[in-house]
Amino acid sequence: MDKREILKEFSADPEKYYNVKLFQEQGFVRKSCTKCGRFFWTLNADRDLCPDDGLDTYSFIGEPPTSKRFDYTQSWKQVEEFFVKNNHTSVSRYPVVCRWRDDLFFTIASVVDFQRVMGSKVVFEFPANPLVVPQTCLRFKDLENVGVTGRHFSSFCMIGQHSVPDLGGYWKDECVDLDFRLLTNQFGIKKEEVVFVEDVWAGGGSFGPSLEYFVRGLELGNAVFTEFQGELGQHTTLDQRVIDMGAGLERFAWITMGTPTAYDCCFGPINEKLFNAIGIDSDSEVLKKYFTEIAKEIDHYDDLNEVRRLAVKNAGITDDQLNKMITPLEGVYLIADHLRTLIFAITDGALPSNVGGGYNLRMMLRRINGTINRLNLKLDIDDLIDTHIDYLKDTYPELDEKREDVKAILKLESARYEDSKIHMKKKAEKIRERGAPSVGELITLYESDGITPEYLKEVDAISEIPSQFYSKLSDLHQSEKKKAIAELPLEDLPETETLFYKDDPMEFDAKVIKVFDDQVVLDRTSFYARGGGQEPDYGSIAGFKVINVDKHADIIVHKLEGGTPKEGETVSCKVDETRRANITKNHTSTHIINASSREVLGSWIWQHSAFKDDDHARLDITHHSSLTEQQVKQIEDAANKMVKENHPVNIDYYDRGTAEQKYGFRIYQGGVVPVKSVRIVSIEDKDIEACGGTHVKKTGDIELIKITKTKRIQDGVVRIEFVSGPTAFQYVKDQEENAKKQAADDIAKQSLEKQREENKEKAREQIPILLEKVISGESVESDGINTKDKLCFTSSENYDDYFHQNFGKKLVVKDSSAAYCGIFEAGPTVRVMIFAGVESGVNAGEIAKEIASILGGSGGGDAKFAQGGGKDTSKKEQAIAKAKSMILG
Ligand SMILES: [Zn+2]
Ligand SMILES: [Zn+2]
């Protein structure tokens, strides 16, 4: 939908859409901006320009319009106090990792907290009405602006003010009245300073008017009245109208402090540490002038580099000031901002990686590392993390609990960055030779090699970072679409009664509702359909084998083999109980392994995905490194401890909102739950998940869990394969048998080896006797030597290097018509050695060369003595046959 058209329509009838009670009471006048034409409401009848174009834009820098000064945390206290006093519930922030929406990695607005997706529809679920929330939001689109513009953040606190008028909340009049009083009464801003601008909001099929409120050109908040659905003109009023007022807490702090940038008043004491590191006083006239210019120009240009150049010119900044003040300052603001975002994201369970939302986090840490290197700063990241958390913990106590985890993850990631530098340097050199890469090439460089444009700039491989880089990367990694399941024409069929959620009979009768080829729909079923990573039940329906079961919305479809019953028939059905029991044990084990991994490894462990079949199962967890043998053992031990302790596995149904409030978002280990009533599977307080699968009654029923294999399957994800119950016992038995067999094999091998050594020893003693026998024409067949006259060949394993050397050499000395060829194994190679008497007619060199080439190696020597060999032991028999025929004819 075109927002401009909606705005035109709404602004054509301001009485209906925008003129709230407050405007009439206070005497606001409606004006049209003489520069851009936008409509705005003001108490100052002389004002002709909208806030964006006004002459007072950003004049609060150095001269704030409030009598009191509030920094970031103090500003929230003021906002919270005001709304609570006015009958709002103050709700704790939701995680920044958006576990309750599968179309978003991160929470991007306060209203997202309360949106739940049901099929293709978005519904609202508010835990209180009206409410206010200090929601940390992550947005990576403007990453290039962070640290540079003075007002862009990679994460910011959106003050969310939400009300549902039809469920006891309020609507437009009261909302605007509250927002006005928040600014004027609570923050002490003069009434004349507040300007409301008419705007609209549209998205997700709904739309409505909105009033943005500004003070001195700074947009502090936007009150959206989500009211309509459908196409403009044919639109209807929503069943549930919602007020979505979002305001930037950072901006509230900024307007009261009047600092050169919003960063100066929002990061707390960390700034001082960073300023000390670069030796700058942020409270200088030059900086005020420069950042005021940046603020004024930023909306008028697309290219940030252009804005920067213009601000440098207008503020009269010298090259020296630019290099010694502005550039380092931008760097430390970036560090403070990015670090704060990483603290929130890691606290909420996200990891920097090469997949999904992890891309943006890794990018930010690399930007921090790159900036530290570029500016040659000596910073203690752990100390900076502590400073941030100490400042924020009053508003966000949960950050305090994950302090050490955040440090551990960032340390590991920074070490990885250092390790990858040699590789990055080589790539950067190539880029420098080839010339400036395109935005697409830069994205590929980051995605496949982890090379950030900051790094390339740092090493002078590129001169500027293209302005679209971060927005394009962010678009690629904001969300991913889930694939849809194959569709059957099931529209008119009733919902299948799911017996496995009731008394779960393994044998039952049911009526055949519908048959599609080999697929059957029943009115009721105890066959568990594939879902949540759990494989389906097998068994029989009317005597036909059930080979697959799938769920299509509320209808369960059974795939049969060998034929199908007729529609309308009542049939007897039987679930394969052994298979089901095994799958069930594996499923509960998945929950246990998840909990024990979290216990052993850290709070960042989440289920990434899971698979539970009857004879094996696997759990993919979010973790930064491969597991060590010791960690695997610890996880397995912790899991079996839970099994031994025989905890009850409880299943309870909750209203979704209640479950989220009671247990938090860790219940969504298996992903989003698109139903209002959620099934909570809990093993005491060790593991609590929303899950639709089948489970044992007590953990002791599992008896045993064995981890069979672990593997880092992608950056940030580790796969744990395991077995449980009877399969685990079988696995242990097999392992033991294998070990026994291995031990027996080792003993046999050792005694064979010993025997051979003894034989070789004996053979050496036999040399003089054997020589006599050969010379005198006696048979030495029984000693493993073939002869033809005085030509000898052996491949007996009883003879070694020493034997061949001595026997061959002596033989041809004793009799010049004799020749000798021995083939034997020496280490990983097969070797051949040939001695030929001058009258034997044998050419030793030729044989060695030929045999060595068969064995894939080389041979050398002359006609009288030669040797050679090769590593291709598979050709040993071929080599023996050839050598034998070459010498014996
Ligand atoms: Zn204007
Ligand atoms: Zn489960």
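Start by selecting Asp550, which counts as partly exposed because its relative accessibility is 27%, between the 20% and 50% cut-offs. Keep in mind as you click around that this is a predicted model. Asp550 sits in strand β17, residues 544-552. Now show what touches Asp550: apart from neighbours within four places in sequence, its contacts are Ala529, Arg530, Ile555, Ile556 and Val557.

**Next stop: ligand 1**

Select the zinc ion (ligand 1) and bring up its protein donors: Cys33, Cys36 and Cys50, each through SG, plus Asp53 through OD. These donors lie 2.0 to 2.3 Å from the zinc ion. Along the chain, the spacing reads C-x2-C-x13-C-x2-D.

What is the arrangement of the four donor atoms around the zinc ion (ligand 1)? It is tetrahedral, because the donor atoms subtend angles of 102 to 115°. For reference, the ideal angle for four tetrahedral donors is 109.5 degrees.

Stay here and colour by accessibility. Is Cys33 buried or exposed? Cys33 is buried, with a relative accessible area of 4%. Cys36, on the other hand, counts as partly exposed at 42% relative accessibility.

**Then over to ligand 2**

Pick the zinc ion (ligand 2). Here you'll find His587 and His591 coordinating through NE2 and Cys691 through SG, at 2.1 to 2.3 Å. The spacing of these donors along the chain is H-x3-H-x99-C.

Turn on the cartoon for helix α20, residues 577-601, and look at the two histidines: His587 and His591 are four residues apart in this helix, so about one helical turn separates them. Both His587 and His591 are buried.

**Last stop: a helix pair**

Select α11 (residues 319-347) together with α12 (residues 358-374). Their axes come within 9 Å and cross at roughly 150°, and the crossing is left-handed. To see the contact itself, show side chains on both helices. From α11, the residues involved include Thr327, Gly331, Leu334, Ile335 and His338; from α12, they include Leu361, Met364, Leu365, Arg367 and Ile368. Colour the contact by class and you get ten nonpolar, five polar and two charged residues. Arg367 and Arg374 of α12 are both part of this contact, so look for them when you pick out the charged class, which includes Arg.

Note on methods:
Residues are numbered from 1 along each chain as its sequence is written. Chains are lettered from A and ligands numbered from 1 in the order in which they are written. This is a predicted model: local features need pLDDT of at least 70, side-chain atom pairs count only at pLDDT 80 or more; totals for chains, interfaces and linings use all residues. Side-chain values use heavy atoms; hydrogens and water are left out. Axes are lines fitted to C-alpha atoms, for helices over the stretch in contact, and angles run from 0 to 180 degrees between N-to-C directions. A crossing is left-handed if the near helix is turned anticlockwise from the far one by less than a right angle, and right-handed if clockwise. Contact means heavy atoms within 4.5 Å. Donors are N, O and S atoms within 2.8 Å of the metal (3.2 Å for Na, K and Ca); water is not among the atoms, so sites may look incomplete. Four donors count as tetrahedral if all angles lie between 85 and 135 degrees; four count as square planar and six as octahedral if opposite donors are over 155 degrees apart and all others between 65 and 115; anything else is irregular. Buried means under 20% relative accessible area, exposed over 50%, partly exposed in between (1.4 Å probe, protein chains only).
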